[in-house]
Amino acid sequence: MGVKDNNSSGSDPNFFDKVYEVAKLIPYGRVTSYGAIAKYLGAARSARMVGWAMNGSGKQEDVPAHRVVNRKGILTGKHHFDGTNLMQQLLENEGIEVIDNQIQDLEKLFWDPMKELQ
DNA sequence: ATTCTGACGTGGG
DNA sequence: CCCCACGCCAGAA
């Protein structure tokens, strides 16, 4: 439909927007993983794209990117924050214990959008 | 166009 | 748990 289908050239803005929405829904003191968000969006194979989307989260102050970690619970993206340990401090400020860039009791703090948002 | 890297995930050993 | 390899998509050189 339409004179020109603008579906080529991926980078669907909707995908980024969705990532931000889900991230905003992450409760206080809880964390989730990129893959969980990606799967919830139907792009389980593009877990990396979720991280790339968070790259623009700097524009969205309502997006707690510090609550998003990899499946191991490691703060892989801490280097992208302003400070070196800003991400860790933000998490600790929420009552999350972080040791050596890794979240403790991850299974207890993990927040799965698939299960919580259903 | 090709190559490499990256805020990932899964599987095998 | 760790290490290694592959798949995945997007962007930079």
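**Exercises on a predicted model**

D100 sits in the loop between β3 (98-99) and β4 (102-103). The model is predicted.

**Exercise 1.** Determine whether D100 and D105 are buried or exposed, and describe the phi of each.

Solution. 
- Step 1: the phi of D100 is near 55°, a positive value in a residue other than glycine.
- Step 2: most residues other than glycine have a negative phi.
- Step 3: D105 is placed in the loop between β4 and α5 (106-109). D105 is not a glycine either, yet its phi is positive, about 55°.
- Step 4: with 10 other C-beta atoms within 10 Å, D105 is exposed.

**Exercise 2.** Describe the surface near DNA strand B: which residues come nearest, and which element gives the largest share?

Solution. 
- Step 1: there are 16 residues around DNA strand B, and G35, G51, N70, T76 and G77 come nearest.
- Step 2: α2 (34-41) and α3 (47-54) are the elements that give two or more residues to this surface.
- Step 3: α3 provides the largest share, four residues.
- Step 4: by class, the surface has five nonpolar, nine polar and two charged residues.

**Exercise 3.** Locate I37 in the largest nonpolar core and list what I37 touches.

Solution. 
- Step 1: the core has 25 residues; V19, A23, I37, V50 and I103 touch the most other members.
- Step 2: α1 (13-24), α2, α3, β2 (68-69) and α4 (86-93) each give two or more residues to this core.
- Step 3: α2 gives the most, with five residues.
- Step 4: leaving out residues up to four places away in sequence, I37 touches V19, V22, T32, V50 and P113.

Note on methods: Residues are numbered from 1 along each chain as its sequence is written. Chains are lettered from A and ligands numbered from 1 in the order in which they are written. This is a predicted model: local features need pLDDT of at least 70, side-chain atom pairs count only at pLDDT 80 or more; totals for chains, interfaces and linings use all residues. A residue is near a molecule or strand if its C-beta atom, placed from the backbone, lies within 6 Å of it. Ala, Val, Leu, Ile, Met, Phe, Trp, Tyr, Cys and Pro count as nonpolar, Asp, Glu, Lys and Arg as charged, and the others, Gly among them, as polar. A nonpolar core is a set of buried Ala, Val, Leu, Ile, Met, Phe, Trp, Tyr and Cys residues joined through C-beta atoms within 7 Å. A residue is buried if 20 or more other C-beta atoms lie within 10 Å of its own, exposed if 12 or fewer, and partly exposed in between; C-beta atoms are placed from the backbone. Two residues are in contact if their C-beta atoms, placed from the backbone, lie within 7 Å.
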